[in-house]
Amino acid sequence: MVRIRQSLSAPVAWLGRAARYNGTERGAFAQSAKAAIAAVISWVIAAELLSLPQPFLAPYTAVFVVEATVYRSVRYAAQQLAAIVGAVVVAGVTNLLIPSTIASIGVATLAGLLIGQWHRLGSSGPWVGITALVIITFGTSTSAPLLLDRLLESALGVAVGTFVNAVLFPPVYAGGAREAVQRLADRLAELLTGVAEGLRRDEVADRAQDWVSEAEHVERFVVQAEQAVQWGQESRRLNIRTHSSRVKVPDDQYRFPLATLRSLAPYVRQLTDALRAMADEELPSRHPGEDERRRFAELLDAVARTVRLRGDPEASEEDLTKSLEDSRERLDELDGYLTADSPIGPAMGLVGMLIPVRRTLRELEAR
C-alpha cells in the first residue's frame, strides 16, 4: 500500500516542486505550460478567427517550436517552416504527376524522407515525408487553395509558438553554469586532497585504484559543466530578459574557468596512474618515506586550494595569486629537497608523481 500511495502521489509531488523551485523541474514545467498556451492561442486564431479548414495543424506546429531556449525556438521554427513548405511542394507535385493515390503516397513519402536527410533541416527533416503523407491521405493535395491553407496553418502555429516562448518568461539558464563549474572544481580539489590524506596515512597501496576510478569519473563532470555553460550562452541569444536589470546573467565568466579546469583533468588522471604504478612497485625502497609523503601531501593541498579558487569566478585575484605563489613555493621546495637530500629510491618514486602536478600548476598559472 505504501508503494502504491507513493506512486500515485509522485506526479502531485513533482508538480509541487516544479511550482516552488527554479531547477530543471521548474524549467520543464514552464516549457510545458507555454506549449499548452501556444497551442490554445493558435487554435483560437486558426479555428475561430480565420476559420481555416484543418486548424489542428496550427497548435500541432506551435507545440513543437516551444523549445528550451528562444534561439532554439527561432532556429527550429525556420527548420519547421522549411520542412512544411517542402512537404507541400512534394505532395502537390506528386499528386500532379501521379494520379493514383496509392502510388503517390509511396512516392511522396519516399521523396520527402530523402529530402529530409538534408542536414540544414535538423530534427525537422523527417517531417517532410510525414507531412507530405498526411496531406495526400487527407485529400488536400488536389487543390492549390487547400495546400496554401496548410502552409498558412503551419506558419501560424510556428509564429505563435515562437512568439509565446520569446515573450512569456523566456528561459535564462544562469545558475546551472556556476553550479556545474564549481562542482567540477570541487571534484578535482577533493580528489587531490584525498590523495594528500592517503599519502599522509601511507594508504597508497589500498586506495590507488579508487583514485584512478575517481579520476576517470571526473570526465563526466567536465561534460556536464561544458553542457551547462553552453546552455547558459545559448539562452542569452535573442532573449529579451537578458536586457533586464532584474535578471543577472553572466557574460563569459564561467567559460574561462571551465577551460582551465578541463585542461587539468588529464593531469590529475596521470597523477593517479603514477600512484597506482608506485603502489604496484615491487621494490619497497622506491616508495617515498614519511617525510617525502608529507611534503608531497602539503603540495597537493596547496594545489587543491588553487583549483577551488580557479573554479569560482567571484574569487578575488589576490587570493588566487597568493594560492598560486604558495603552490609554486612548495613545488620548488620539494624539487630542492629531492635533488639535494632525498635518497635516490624515494626520489625516483616521487618524480613520476611530480610531473603531472607540475603541469597542473603550469596550467593554473598560464590561465
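Is D291 buried or exposed, or does this residue fall in between? In this predicted model, D291 is partly exposed, with a relative accessible area of 27%; buried means under 20%, exposed over 50%, and partly exposed in between, for a 1.4 Å probe and protein chains only. Residues are numbered from 1 along each chain as its sequence is written, and side-chain values use heavy atoms, without hydrogens and water. Because the model is predicted, local features need pLDDT of at least 70 and side-chain atom pairs count only at pLDDT 80 or more, while totals for chains, interfaces and linings use all residues.

D291 forms a salt bridge with R295, the closest N and O atoms being 3.4 Å apart. A salt bridge is a side-chain nitrogen of Lys or Arg within 4 Å of a carboxyl oxygen of Asp or Glu. Both residues lie in helix α11, four residues apart, about one turn of the helix; helices are DSSP runs (H or I, at least four residues), numbered from the N terminus. R295 is partly exposed at 27% relative accessibility.

D186 lies in helix α8 (residues 175–200) and R308 in helix α11 (residues 290–310), so the pair ties together parts that are 122 residues apart in sequence. D186 is partly exposed at 31% relative accessibility, and R308 is partly exposed at 34%. Within helix α8, R200 and E197 are three residues apart, about one turn of the helix, and form a salt bridge at 3.7 Å between the closest N and O atoms.

Q80 lies in helix α4 (residues 70–97) and counts as buried because its relative accessibility is 3%. The side chain of Q80 makes a polar contact with the side chain of S124 at 3.2 Å. A polar contact is a pair of N or O atoms within 3.5 Å; within protein, one must be able to donate a hydrogen and the other to accept it, and residues adjacent in sequence count only if both atoms are side-chain atoms.

The UniProt annotation "transmembrane region", from an unreviewed entry, covers residues 82–115, 127–148 and 155–173; such annotations may be inferred rather than shown by experiment. In the model, residues 155–173 are 68% helix and 0% strand, and their end C-alpha atoms lie 28 Å apart.

Definitions and conventions
Helices (H or I, at least four residues) and strands (E, at least two) are DSSP runs, numbered from the N terminus.
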